[in-house]
Amino acid sequence: MIPVCGPGRGSLWGPGTEEQRRAPRAHFQQHLKAPLPGATELVLVTDLDGTLLEGSLPTRRRLYGWLGSQRHRILQVFSTGRDMRSVARLLAEEAVLGLHPPHLVIGDVGCTVACGASLTPSPLALEPIEALWRGRAAQVLPLLAGLPGLSAEPLSSDRRLAYAIDPRRLDRSRLPAIEAHGVDCLVSGDKYLDVLPAGVNKGSTLLGLLEWLELDPALVVTAGDSLNDLAMFETGLQSVMVGNAEPGLVRALPGLRRTYRARSHGGAGILEGLRHFGFGHLLAGLV
Ligand SMILES: [Mg+2]
């Protein structure tokens, strides 16, 4: 699938108002606390756990320091299954290693888009996702309550339901009956089940974001390690599957025409992928 630019052309995020259609980027930026790079040379969209956060302490310090020094030309997006509370905790924990907040966060496996500086969700992104989610939880919660292998309570419930799973006990044959209620069931890392509004995932939300920000898809590189990253890779955007990717994601590799399989794990794999896709010149400041 080749991304198209301009809100409204088949976008999950709806047509917007006429004023929004005239200047979508300016409109979107009104909701951001920190400015986006004026001249973007790369849009780096990274998963967190197992990807950006994976690596030795020296590797992470080096990577985080480099990202912090490139904010004027690399638009940085975290794309994660974590909710905003968890992202806030993580940013506080990793600050000691030099991790700066990104420009934007796609959280809740694509169900939230937030300003990286404030972690305040963008209403432009949330409204269409909320419309798809409305009433779904009430329909699927009774079905999920009877499903063995799930945590007793959802870990998160912002426009989706996230559960910890026991992969040996989870009966996957019962998931299609849940999906019949207008949701997608996504198992990733053999650790989590996410119940998402149908069609909403890290990939669909990223495409919506690129439309609003009027960004050239050729400048985008995504990176991830687990099955909730597959939707990003399926967009056809340049993508890096890091060396420590889960087996289910590796099995999908032959069908992913623009995804590079890095040898290196985590953060080092991201850098290897950037060199592969011709962004090596941006790494000159990496010490
Ligand atoms: Mg991950």
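Trainee: Before anything else, how are the residues numbered?
Mentor: Residues are numbered from 1 along each chain as its sequence is written. Because this is a predicted model, local features need pLDDT of at least 70 and side-chain atom pairs count only at pLDDT 80 or more, while totals for chains, interfaces and linings use all residues.

Trainee: What is the mean pLDDT of the chain?
Mentor: The mean is 92, and 94% of the residues reach 70 or more. The term pLDDT denotes the predictor's confidence in each residue, from 0 to 100. Over residues 1–10 the pLDDT is below 50, and this stretch has 26 contacts in the model beyond near neighbours in sequence. Two residues are in contact if their C-beta atoms, placed from the backbone, lie within 7 Å.

Trainee: Which domains does the assignment give?
Mentor: It gives domain 1 (18–124 + 200–285) and domain 2 (130–197). Such bounds come from an automatic or database domain assignment. The centres of domain 1 and domain 2, taken over C-alpha atoms, are separated by 25 Å.

Trainee: And how many residues are in contact between them?
Mentor: 13 residues of domain 1 are in contact with 14 residues of domain 2.

Trainee: Turning to sheets, in what order do the seven strands of the open sheet run?
Mentor: The order is S4-S3-S2-S1-S8-S9-S10, with mixed pairing. Strands (E, at least two residues) and helices (H or I, at least four residues) are DSSP runs numbered from the N terminus, and two strands pair if DSSP finds at least two bridges between them. Strand S4 (112–115) and S10 are the edge strands, each pairing on one side only. From one strand to the next, the twist averages 20 degrees.

Trainee: What about strand S8, is it enclosed or open, and why?
Mentor: Five of the five residues of S8 (residues 220–224) are buried, so the strand is largely enclosed by the rest of the structure. A residue is buried if 20 or more other C-beta atoms lie within 10 Å of its own, exposed if 12 or fewer, and partly exposed in between, with C-beta atoms placed from the backbone. Val 220, Thr 222 and Gly 224 point one way from S8, and Val 221 and Ala 223 point the other way.

Trainee: Which strands pair with S8?
Mentor: Strand S1 (residues 42–46) pairs with S8 in the parallel sense over four bridges, and Leu 44 stands opposite Val 221. Strand S9 (residues 238–241) also pairs with S8 in the parallel sense over four bridges. In S9, Gln 238 is the bridge partner of Val 221, and Met 241 is that of Gly 224.

Trainee: Where does helix H9 lie?
Mentor: H9 lies across S1, strand S2 (74–79), strand S3 (104–107), S4 and S8, running at about 150 degrees to S3. Angles run from 0 to 180 degrees between N-to-C directions, and axes are lines fitted to C-alpha atoms, for helices over the stretch in contact.

Trainee: How many residues are in the largest nonpolar core?
Mentor: That core has 62 residues, and Val 77 and Val 240 have the most contacts inside it. Helix H9 (residues 202–213) gives the most to this core, with five residues. A nonpolar core is a set of buried Ala, Val, Leu, Ile, Met, Phe, Trp, Tyr and Cys residues joined through C-beta atoms within 7 Å.

Trainee: What does Val 77 touch?
Mentor: Leaving aside residues up to four places away in sequence, Val 77 touches Val 43, Leu 44, Val 45, Pro 102, His 103, Leu 104 and Ile 106.

Trainee: Is helix H12 enclosed or open, and why?
Mentor: Eight of the eleven residues of H12 (residues 266–276) are buried, so the helix is largely enclosed by the rest of the structure. The cover over those buried residues includes S1, helix H3 (48–52), helix H4 (57–69), S8, S9 and strand S10 (259–261). Just after H12, Gly 278 takes a positive phi of about 90 degrees.

Trainee: Finally, what is the order of the sheet of three strands?
Mentor: This open sheet has the order S5-S7-S6, with antiparallel pairing. Its edge strands are S5 (161–164) and S6 (183–188). Helix H7 (residues 136–145) packs on the sheet and touches S5, S6 and S7.
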